[in-house]
Amino acid sequence: KLAFKWFTLAAEQGNAEAQCYLGNMYKLGVFVPQNPRTAVKWFSKAAEQEDAEAQCYLGIMYDFGHGVRQNNKTALNWYTKAAEQGYANAQFNLGVMHFNGNVVPQNYESAIKWHTLAAEQGLAHAQFNLGMMYFHGQGVPQSYEVAVKWSIKAAEQGYARAQYNLA
């Protein structure tokens, strides 16, 4: 509870990192009642200050309609801002959007690009997806060797689906 007090004071003074932490507290209901709308308020304040983590979280809130009306175009915008700053989770989410053709036309090459950037930062679910794309030859020439390489990286982090596929 003391952390909440100090995060609130810092956030109200414009500290983007504290605003993002406060957004997460409200999103998850940590030390405060869960409140997605208030989470969006704090994520928005931090995101406008170019905080990549907050931009990604704001994208998620719009993507799934938590605390705001669902809007995939707005989600895409926030994911892109965060991804271009190198934020791995946003890069993964963009990769998924391009893979599925959600908001943007389906484009496996773009999906490979974004998944690779996230996978190279060690994001297990991006490594798994990248492995699957190499396995199926989606956006890249099919390569079982590369597919196994990425699947092993995900499996070594405890990613169950990768572990299952390698068994």
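Leu 9 is partly exposed, at a relative accessible area of 36% (buried means under 20%, exposed over 50%, partly exposed in between; 1.4 Å probe, protein chains only). The model is predicted: local features need pLDDT of at least 70, side-chain atom pairs count only at pLDDT 80 or more, and totals for chains, interfaces and linings use all residues. Residues are numbered from 1 along each chain as its sequence is written, and side-chain values use heavy atoms, without hydrogens and water.

Leu 9 belongs to helix α1, residues 2–12 (helices are DSSP runs of H or I, at least four residues, numbered from the N terminus). The buried residues of α1 are Phe 4, Thr 8 and Ala 11. They share one side of α1, because their arc around the axis is only 70° (taken from the directions from the helix axis to the C-beta atoms). These buried residues pack against α2 (16–28) and α3 (36–47) (contact means heavy atoms within 4.5 Å). The face turned away from the buried side carries exposed Leu 2 and Trp 6. After α1 comes Gly 14, with a positive phi near 95°.

Aromatic pairs number 6 (rings of Phe, Tyr and Trp, the last by its six-membered ring, with centres within 6.5 Å; planes under 30 degrees apart are stacked, over 60 edge-to-face, the rest tilted). The rings of Phe 7 and Tyr 21 are stacked, because their centres lie 4.8 Å apart and their planes meet at 20°. Phe 7 lies in α1 and Tyr 21 in α2, so this pair ties together parts 14 residues apart in sequence. Phe 128 and Tyr 159 form a tilted pair, 5.3 Å centre to centre with 45° between the planes.

Technical notes:
Helix = DSSP H or I, 4+ residues; strand = E, 2+ residues; numbered from the N terminus.
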